[in-house]
Amino acid sequence: MTTAEIGELGEHLAIRWLRRQGKKVLYRNFSAPGGGEVDIVCRHGQTLVFAEVKTRTNVAQYRPADAVNAEKRALVQRGAREWLRLLGRPKVAFRFDIIEVVLTEGRPPHVNVIEHAFEMPEGSLTGRV
């Protein structure tokens, strides 16, 4: 499998896992016009969740979440700001999760969700209604 195919499979498995947990998936692969991206936007009760999915086939040295560096977090945060702007900047609870998917040959896929994995930078939602 190519890296893109592994990522696609990981997102598919993450969505399936989220739905089984009772979360409502709203959008997949949201790209903000001014830059920014969110792999999965879903709802967990009354909370809006912006999730970054990282899929790996080898976790000997690093776990998938280790790949969500400051640059990747900034992309997801920009995507979230744009999503909220398009909604009219509602006062809604939201969080950022990382969904780790580990694919090991001969074993079932393993999905691990890190809720509240990172936060929106302070003051980045000023002007929010």
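**The sheet and its helices**

Start with the sheet. Five strands make an open sheet, in the order β1-β2-β3-β4-β5, and the pairing is mixed. Pairing here means that DSSP finds at least two bridges between two strands. Strands are DSSP runs of E with at least two residues; helices are runs of H or I with at least four, and both are numbered from the N terminus.

Now the edges. β1 (24-31) and β5 (110-118) each have a single partner strand, so one side of each is left without a neighbour in the sheet. From one strand to the next, the twist averages 30°. Those angles use lines fitted to C-alpha atoms, for helices over the stretch in contact, and run from 0 to 180 degrees between N-to-C directions.

Next, the helices. Helix α1 (residues 3-20) packs on the sheet and touches β1, β2, β3, β4 (94-102) and β5. Its direction makes about 155° with that of β1. α2 also packs on the sheet, touching β1, β2, β3, β4 and β5. The direction of α2 makes about 150° with that of β3. Contact means heavy atoms within 4.5 Å.

Before I go on, two notes on the source. This is a predicted model: local features need pLDDT of at least 70, side-chain atom pairs count only at pLDDT 80 or more, and totals for chains, interfaces and linings use all residues. Residues are numbered from 1 along each chain as its sequence is written, and side-chain values use heavy atoms, with hydrogens and water left out.

Let's zoom in on one pair of strands. Strand β2 (residues 37-44) and strand β3 (residues 47-56) run antiparallel, paired over five bridges. Ile40 stands opposite Ala51 in β3.

Now a single residue. Glu82 sits in helix α2 (residues 70-86). Is Glu82 buried or exposed? Its relative accessibility is 14%, so Glu82 counts as buried. The cut-offs: buried is under 20% relative accessible area, exposed is over 50%, and partly exposed is in between, with a 1.4 Å probe and protein chains only. What does Glu82 touch? Leaving out residues up to four places away in sequence, Glu82 touches Phe30, Ala32 and Pro33.

Last, the whole chain. There are two helices and five strands. Along the sequence, the pattern reads α-β-β-β-α-β-β. Of the 129 residues, 37% count as buried. The C-alpha atoms fill a box of roughly 50 × 30 × 25 Å, taken along the principal axes.
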